[in-house]
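The exercises below ask the reader to work from the sequence and the coordinates, one step at a time.

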Amino acid sequence: MTDTLHPTGNAPYGSIPRKEDARLVRGQGTFVDDITLPGMLYGAILRSPLAHARIVSVDAGPALAHPRVEAVLTGADLADRGLAWMPTLSADVQAVLATDKVRFQGQEIAFVVARDRYAARDALELIAVEYEPLPPVIDVTTAMDPAAPVVRDDLPGTTSNHIFDWTAGDKAAADAVFASADVTVGCDMIYPRSHPAPLETCGIVADFDAVAGRLTVYATTQAPHAHRTLLAMVTGLAEHKIRVVSPDLGGGFGNKVPVYPGYLCAIAASMTIGRPVKWMEDRSENLMSTTFARDYHMHGEIAASADGTILGLRAKVLADHGAFNATAQPAKFPAGFFHIFTGSYDLQAAYCEVTGVYTNKAPGGVAYSCSFRITEAVYLVERLTDMLARRLGIDPAELRMRNLLRPEQFPYACPTGWQYDSGDYPRALALALEIAGYDDLRREQAERRARGEYMGIGISFFTEGVGAGPREHMDILGLGMADGADLRVYPTGKAVLAISVQTQGQGHETTFAQIVAHELGLTPDDVEVVHGDTDRTPFGLGTYGSRSTPVSGAAAVVAARRVRERARAVAAAMLELSADDLEWTDGKWRVRGDPEQAAGIAEIAMAAHSSLALPDGVEGHLDASAVYNPPNLTFPFGAYVCVTDVDAATGEVKVRRFIAVDDCGVRINPMIVEGQLHRGIADGIGMALMQSIAFDDAGNCLSGSFMDYLLPTALECPSPELGTTVTPSPHHPIGAKGVGESATVGSPAAVVNSVMDALAPLGVVHADMPLTPACVWRAIQGRPIRPDLALS
Amino acid sequence: MQVPAQVEYEKATSVEHALALLARYGPQARVLAGGHSLIPMMKLRLAQPEVLIDINGITDLCSINLTGTQLRMGTLTRHAQLLESSLAGEHFAILHDAERVIADPVVRNWGTIGGSLCQADPSEDLSAVFAALKGTMIIHGPDGQREVSAREFHTGPYETVVGPAELLTEIRLPIRRGGGTAYQKVSRRAGDWPVGAAGAAVWLSGDTITDAGIGLTAVGATHFVAAEAEDYLRGQQATEQTLQRAGEIAAQHCRPVSDQRGPADYKQHLARELTTRVLRRAVARARGLPPGAVACGGAASGGAASGGAA
Amino acid sequence: MRVTMTVNGSEYSREVEPRLLLIHFLRDDLGLTGSHWGCDTSNCGACVVWLDETPVKSCTVLTPMAAGRRVTTVEGLGNGARLDPVQVGFQRCHGLQCGFCTPGMMLTARWLLNRNPDPTEADVREAISGQICRCTGYENIVRSVLWTARHEAGAGD
């Protein structure tokens, strides 16, 4: 139970309360919009109402004449400074302020700077823009037609909307398996465009000190160091003259990974005007212009033998990347880690092709706890598995149990190249079914069906890979995905750990303190965690893809163990023994055979800084750093069961129960782990039942507010029933795997499988998310709805 | 967050004062009650009045009273107050059915029933409720007070008969014996606007329906009323067949529009399904039965199984 | 125009434009940044404060509408150094992660418990159904409120 506290003693893994809560429950967090600097001005962005149009003229004169307006920047102004375009995280370019054309509704046109936010908003209406509308590319399935308008005519030699083709697996082997299989099931399925929608929108306070030549930005960024490097590249300022501070963040979920045009506008404005400039986007800007998630149009196929042995998987995907290719994932993997669509089963062969396409929509695609497209992959394989079960007349739990990888098969090389590190999959599934009371549920379902009531039981079993990643395989814009930790121990035995990752609510100030405390025999209160300020932390690529614990957590462990080894040398000097005479047990260096003779880190730290004579090569301090290059991803996994009740006459779906068994290896703080799982389950319910970013055929975004882009409330989310198995990662220093995204990855398929199971007697085989009442009813009628377009 | 355009502000201390201010400022002035319909429109700059006349100080308009054979509600009554009023709930269960699913608890604390009605969104629930209950709207203006039927109150989307120099002050609901009421709404998520909703009031004499009121929201029913279905039911026995037929007729006379909440065919279906369901519940309540009881003979009872296919 | 109101027990009088939203007045004019904003359409509830002891969405209230009234924000929960039991409950039960929705959630919880000291889980979920949290999936928020209810009833934990 997460409201029972563990006493900490010297083994502080456990559900201790969080250090960050003290300020947050008092309303004393510092979020970007809380920051006010002397002389600060406010920016607002004028955005295009059209999805595709040539810009004929921009007249900012009337806006400049507004008495409270200080400046207006247009694309032309930025172009003069070489700032009108910026690199994206996928090595494309994106317009900061449009110059030639607008390429999505909501694209940035001009930046007004005024004395207060109300005047800035008023002044937007005074800027006159003349557009020449162009036909937009909205439906990704027709974007590659020869006659389709070209979105990216700014790229030399571009004559289509094609971005990339990417494949993984063995086509010949897969084709052979499919050709000879007893049964194949295929399905088109859309994972609709969604949006992470953290409760705090994106924003920045940019402060350029012209005298010092130094830029300070307070920004909503999950990757302060990566942002600093990018800003250096774009502005021409030297990297050490830029300070990026990520204060408290009101959620991130991948939405706060990219550098947005608004950030650069605020920076350019501050550099021009010489005063701090704040820009905070509103919610419609967030939904219409910042990085969306998913938008994968998939055709999946599963091949099996008549007895239910899964043999192979194939997938063909059209990926809608919007108007600029701005996805954030390791550079060698333009489709992220989608090729883990092989799932949790022992396959003979698999092959996938992903084609990336430009459309006249906001850029993005990798966000919202996707673990780099693993959400899409798991959804595909788990839906296909259920469809196969139905085709074969085999219970879906039974089918999975027959096909899950066995513990003795680990480490397991899947057909598309991943090396899953560890797992006991059948045990997790068995536990989930037990918690759910699966057999009783099936009995109840049969009774209800006889009464004409529609109840569904859906299962999802997922393997995901997180903790990117080995630097020789994984880099973003050439920056290898290693992360660091600096650990300093002061003379009184208190420690400060500086890390390069960036919490947005995951509790790093607590969990990382627990990591260090556990390694050094301290209490978490003895360890202060510093993050978010590039002046005070080591370089690293930041938090997303559940990489904090696997990468920075590992770096913290390595650094702590280096501190421990330094401490050993000092302790040996203190005790006038040799280092080999000491062993680390129960939180201290103790004399072998005489454990009462011991020294803890606090006294060793004081000794290190004292006048104690130290042997050659031993320096008078305990500080240490580490940069951790993970040898592999870590592979958390889970088994989920979702029970729904469907009113077939209205299409309403109620999620009655959600059972989740997760294995993320060693759990540093179970209470925090469970909090992440609760959230992911809510994500799954939201995506399965109500969330999508849709467009009409003129390219108008139909989901540009929280009235239209619906997020689940406390009434839609049942109390999750959680179970745990622990299979440590064999290569992580403390066996932890990372968990932040697991439930978001695994849960949508469980919900959709449940609803499809409920509707099976009515002949429904598949319907795309979100399964709104209208969508469910239309599926029953045999006239399904496409969720990404305007309904008619 | 988006913010409103410049506006001037006056605070009215009485109905007369409010009317005087409305007369002074003309059509560019808007009445400000809870603001939870108007201020969101102002933030999106879809509404840009020049003057706001804040009537929150006219506390007389915040009241729920029984007067003779009428329940009278002042238009400044907050949605939360209507939901908590046992007086209102005793006489008209439909009021609580509807308020429970209007917006969310915090919005209900401040939004007013008058504000919602005057906003006249085609998806606004109380419009259908008062249409079903055949309520009367009391409007104060420069020439005194006038009464308009709730079933003639709306002249189009976001338009009512309340003139620029007038103020809606009260809603009156006739209380008649032998009645039962109910409301049901389908939305994509708690607190969302309805995809479709229906409210019903039936009055029985034995098994015969002596009168019926059916209000429909968000499905393009003229004046939020299903008049043809009401006419059909008058004089009929309250059976499963007649209630289903009433649902069909109600649906036939709707002109729903497709939007992201749902396509038109689904909304038409909801009009039929929900009309039947609220009629069943209203009949059960009229008979003094719990709302989920099987209240009348004939095929299928309420719940998941009835009439799935189009 | 000049507006005077009481916020967390202290009176404030300021010159404001009538259109100034109460949330901006509290945050920008009075420096009370504990209340937040997260949407444009009165959906998210990050801005919930009390207006005369009733939770309202302060992004949908104009500052002059609060004139002469009492406003309570998260800074007014609790008593100087002593936390309100709701705040203790949220810490004990991990009812917050990023903390952005938390002030609004706690103010609604405090209001609920003042009216209904022994709510059911359904009562709690209904009370917060107009407020969005993106981090917790609501489970621990519900547990925090129920813990507080038990604790205030003297049942201990």
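**Exercise 1. The interface**

The model is predicted, so local features need pLDDT of at least 70 and side-chain atom pairs count only at pLDDT 80 or more, whereas totals for chains, interfaces and linings use all residues. Residues are numbered from 1 along each chain as its sequence is written, chains are lettered from A and ligands numbered from 1 in the order in which they are written, and side-chain values use heavy atoms, with hydrogens and water left out.

**Exercise 2. Chain C as a whole**

Task: Describe the order of elements in chain C, and decide what its radius of gyration says when set against the globule rule.

Solution. Helices (H or I, at least four residues) and strands (E, at least two) are DSSP runs, numbered from the N terminus; on that basis chain C has 5 helices and 5 strands, in the order β-β-α-β-β-β-α-α-α-α from the N terminus on. The radius of gyration is taken over C-alpha atoms, and the globule rule is 2.2 Å times the number of residues to the power 0.38. For 157 residues a compact globule would have a value near 15 Å, and the 15 Å of chain C agrees with this. The C-alpha trace of chain C spans about 50 × 30 × 25 Å along its principal axes. Of its 157 residues, 68% count as buried, where buried means under 20% relative accessible area, exposed over 50%, and partly exposed in between (1.4 Å probe, protein chains only).

**Exercise 3. Helix α1 of chain C**

Task: Is helix α1 of chain C largely enclosed or largely open, and what covers its buried residues?

Solution. Helix α1 of chain C covers residues 22–29, and because 6 of these 8 residues are buried, the helix is largely enclosed by the rest of the structure. The buried residues are C:L22, C:I23, C:H24, C:F25, C:L26 and C:R27. Their cover includes α4 (117–124) of chain A, together with β1 (2–7), β2 (10–15), β3 (48–51) and β5 (70–72) of chain C. After the helix comes C:G31, which has a positive phi near 70°.

In the loop between α1 and β3 of chain C one finds C:W37, which counts as buried at 5% relative accessibility. C:W37 and C:C59 are 22 residues apart in sequence, and their C-alpha atoms are 7.2 Å apart in space.

**Exercise 4. Backbone features to check**

Task: Find where A:S369 and C:Y138 lie, and which residues are joined by the cis peptide bonds with omega about -5° and near -10°.

Solution. Begin with the positive phi values.

- A:S369 has a positive phi of about 55° although it is not a glycine; the residue sits in the loop between β19 (364–365) and α9 (374–392) of chain A and is buried, with a relative accessible area of 5%.
- C:Y138, likewise a residue other than glycine, has a positive phi near 75°; its place is in the loop between α4 (121–127) and α5 (139–152) of chain C, where it is buried at a relative accessible area of 0%.

Next, turn to the cis bonds.

- A:F410 and A:P411 are joined by a cis peptide bond with omega about -5°, and A:P411 belongs to the loop between α10 (396–403) and β20 (412–413) of chain A.
- The bond from A:M769 to A:P770 is cis with omega near -10°, and A:P770 lies in the loop between α17 (742–759) and α18 (773–781) of chain A.

Conventions
Contact = heavy atoms within 4.5 Å.
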